[in-house]
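Here's a quick briefing for anyone opening this one for the first time. Have a look at the sequence and the 3D view, then read on.

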Amino acid sequence: MPHVITDNCQACRYTECVGVCPVDCFHGSADRLYIDPDVCIDCAACVPICPVKAISDSFDLESGAEALIELNRRRARELPVVADQCDPLPTAADRRLALGY
Ligand code: F3S
């Protein structure tokens, strides 16, 4: 089962995850990223590095895992690869605080 990005990424977009990904499976819109589940090799290198715990093994999700995988797949196909780390969004610090991290 692939790793997925949850809504925690929204308004954060820290992009620390892309710096450790060996297969460039991250795609992004202006406000968050998605993982292409057909490219992700489940190395899990990105999981501990996300400041807002936005990345999970889909096995670890209590419910809605299939829908989240499909959302990540669909959006990854619509959006360009994000391979370079960049500054977080201006809203990231407030969003991180609101999420409790
Ligand atoms: Fe999003 Fe976390 Fe990556 S906030 S861009 S999944 S480091």
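A word on terms before we start: "buried" means under 20% relative accessible area, "exposed" means over 50%, and "partly exposed" is in between, using a 1.4 Å probe and protein chains only. What you're looking at is a predicted model, so local features need pLDDT of at least 70 and side-chain atom pairs count only at pLDDT 80 or more, while totals for chains, interfaces and linings use all residues. Residues are numbered from 1 along each chain as its sequence is written, and side-chain values use heavy atoms, with hydrogens and water left out.

**Around the ligand**

- The ligand sits in the largest cavity. A cavity here is a set of points, on a 1 Å grid over the protein atoms alone, where a 1.4 Å probe fits but cannot get out, and a molecule sits in one if more than half of its atoms lie within 2 Å of its grid points.
- There are 13 residues around the ligand, and Cys9, Thr15, Cys17, Leu33 and Cys50 come nearest. To be near, a residue needs a heavy atom within 4 Å of the molecule.
- That shell splits into 10 nonpolar residues, one polar and two charged. Nonpolar covers Ala, Val, Leu, Ile, Met, Phe, Trp, Tyr, Cys and Pro; charged covers Asp, Glu, Lys and Arg; the others, Gly among them, count as polar.

**The nonpolar core**

- In soluble globular proteins, nonpolar side chains tend to be buried together.
- Here the largest nonpolar core has 19 residues, and Ile5, Cys17, Phe26, Leu33, Ile35 and Ile55 touch the most other members. Such a core is a set of buried Ala, Val, Leu, Ile, Met, Phe, Trp, Tyr and Cys residues joined through side-chain atoms within 4.5 Å.
- Ile55 is in strand β4 (residues 55-57); strands (E, at least two residues) and helices (H or I, at least four) are DSSP runs, numbered from the N terminus.
- Ile55 has a relative accessible area of 6%, so it's buried. Its C-alpha atom is 9.1 Å from that of Ile35, 20 residues away along the chain.
- Leaving aside neighbours within four places in sequence, the contacts of Ile55 (heavy atoms within 4.5 Å) include Ile5, Cys17, Phe26, Ile35 and Cys50.

**Other buried spots**

- Asn72 lies in helix α1 (residues 65-78) and is buried because its relative accessibility is 1%. Leaving aside neighbours within four places in sequence, Asn72 is in contact with Val4, Ile5, Tyr34, Ile35 and Pro37.
- Thr6 lies in the loop between β1 (3-5) and β2 (26-28), and with a relative accessible area of 14%, Thr6 is buried too. Not counting residues up to four places away in sequence, Thr6 touches Arg32, Lys53, Ala54, Ser56 and Leu68.

**Positive phi angles**

- Thr15 isn't a glycine, yet it has a positive phi of about 60°. Thr15 is found in the loop between β1 and β2, and its 2% relative accessibility makes it buried.
- Ala44 isn't a glycine either, and has a positive phi of about 70°. Ala44 is found in the loop between β3 (33-35) and β4 and, at 29% relative accessibility, counts as partly exposed.

**Out in the open**

- Gly100 is in the segment after α2 (92-99). At 60% relative accessible area, Gly100 is exposed.

Definitions and conventions. On a 1 Å grid over the protein atoms alone, a cavity is a set of points where a 1.4 Å probe fits but cannot get out, and a pocket is an open set with protein on both sides within 12 Å along at least five of seven lines; lining residues have an atom within 4 Å of a point.
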